[in-house]
Amino acid sequence: MQEFKLSKVPTQGTISNILAKRQQYESMDSTELTFKRQRAVKHPELDNVLANWVLQWQARRVALSGDLIKEKARQFARQLELGERTPEFSNGWLAKFNIHHGFKAQKSYGESGSADLDAIDRNMPTIKEKLQSYSLQDIYNMDETGLFYRMAPDRTIARRQIEGSKKDKTCLTFVFAANADGSHKIEPLIIGHAQRPRAFNRKSGEQLGFYYRSNAKAWMTGLIFREWLQKMDQQMQDANRKVLLLLDNASSHVVRDLPLTNVQVFLFPANTTSKIQPMDADIIAAFKRRYRRFQLQDAIDRDEQQKADIYKVDQLIAMKWAKAAWNDIFSKTIANCFKHTGLFER
């Protein structure tokens, strides 16, 4: 018992069963040998075809999210005509499926934003005093975010860690702005690499229904920001409104000498925005979650078409998904994110 680190002496029946399956155990790898005895699956045909599908993409070093696997399982269930016997495909179902096949969820983490809590405490009274002069309807926040619109999910489910796969980092920058009660979402500005990408079919972004600008790195620049801000100011003039715009202190946010009449800009102190900027309080995250739903469904369709890259999408389609995702964010979601910053205690 001590030699094999057993808690109790196995019965003769157990030993006989192990010896009878000796060849099966010898063919297993170390991961499979650590599995505990598992219950028989309810739908073995579905289980097998789904597991094989996961392993095929693993062999091609393609990341698969849990949501993508569940959606593919639903598709296989329809093809197998399970009908009323179809599982719910909940997170619990996914966890059991992963355990049964030795799949594990792995996530690669990027750098998280840092915040100077002392700076927040020092500046909070001043910020709140400034906000008291405006109604929630007239307080806006704007922020930019990069979207790697072709990138596979950063959490993958596989039997082993996927190495060597290159992530597609083709990026668009999106500029989002909304007011504190969620009643007004400004049309997003999209910044790409090319003025007229191939997907535009020689048309301009404006002709295709987008507010679109471009530069070599697809970044926000001082000139693009000033154009955006002057456009917002003109919109508020036309609506006869005086508003406050909350911004982080990014180097591109150059306001000096701009002839603004209806928009007053307030810059957050350095190293505070990750905690108190409303767009960082889950609004942009909500947008990206909605975008990924479009990507997930398209990946399923591309898999059915046996495409080599299930995440590949052209820029125009990605822009349409993004626009729909932004429009799909509820006013209540935006209002709650503003409240969660702690800036709007009234």
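Colleague: How many disulfides does the structure hold?
Modeller: The structure holds zero disulfides, a disulfide being a pair of cysteine sulfur atoms within 2.5 Å. This is a predicted model, in which local features need pLDDT of at least 70, side-chain atom pairs count only at pLDDT 80 or more, and totals for chains, interfaces and linings use all residues. Residues are numbered from 1 along each chain as its sequence is written, and side-chain values use heavy atoms, without hydrogens and water.

Colleague: Why is Cys171 called buried?
Modeller: Its relative accessible area is 14%, and buried means under 20%, against over 50% for exposed and partly exposed in between (1.4 Å probe, protein chains only); Cys171 therefore counts as buried.

Colleague: What makes Cys337 buried?
Modeller: Cys337 has 4% relative accessibility, so that term applies to Cys337 as well.

Colleague: What makes β6 and β8 edge strands?
Modeller: The open sheet has six strands in the order β6-β5-β4-β2-β7-β8, with mixed pairing. β6 (211-214) and β8 (263-267) each have a single partner strand, so one side of each lacks a neighbour in the sheet. Strands here are DSSP runs (E, at least two residues), and helices are such runs too (H or I, at least four), numbered from the N terminus.

Colleague: How do you know that β2 and β7 pair?
Modeller: Pairing requires that DSSP find at least two bridges between two strands. β2 (residues 139-148) and β7 (residues 243-247) have three, in the parallel sense, so they pair. Ile139 has Leu244 in β7 as its bridge partner.
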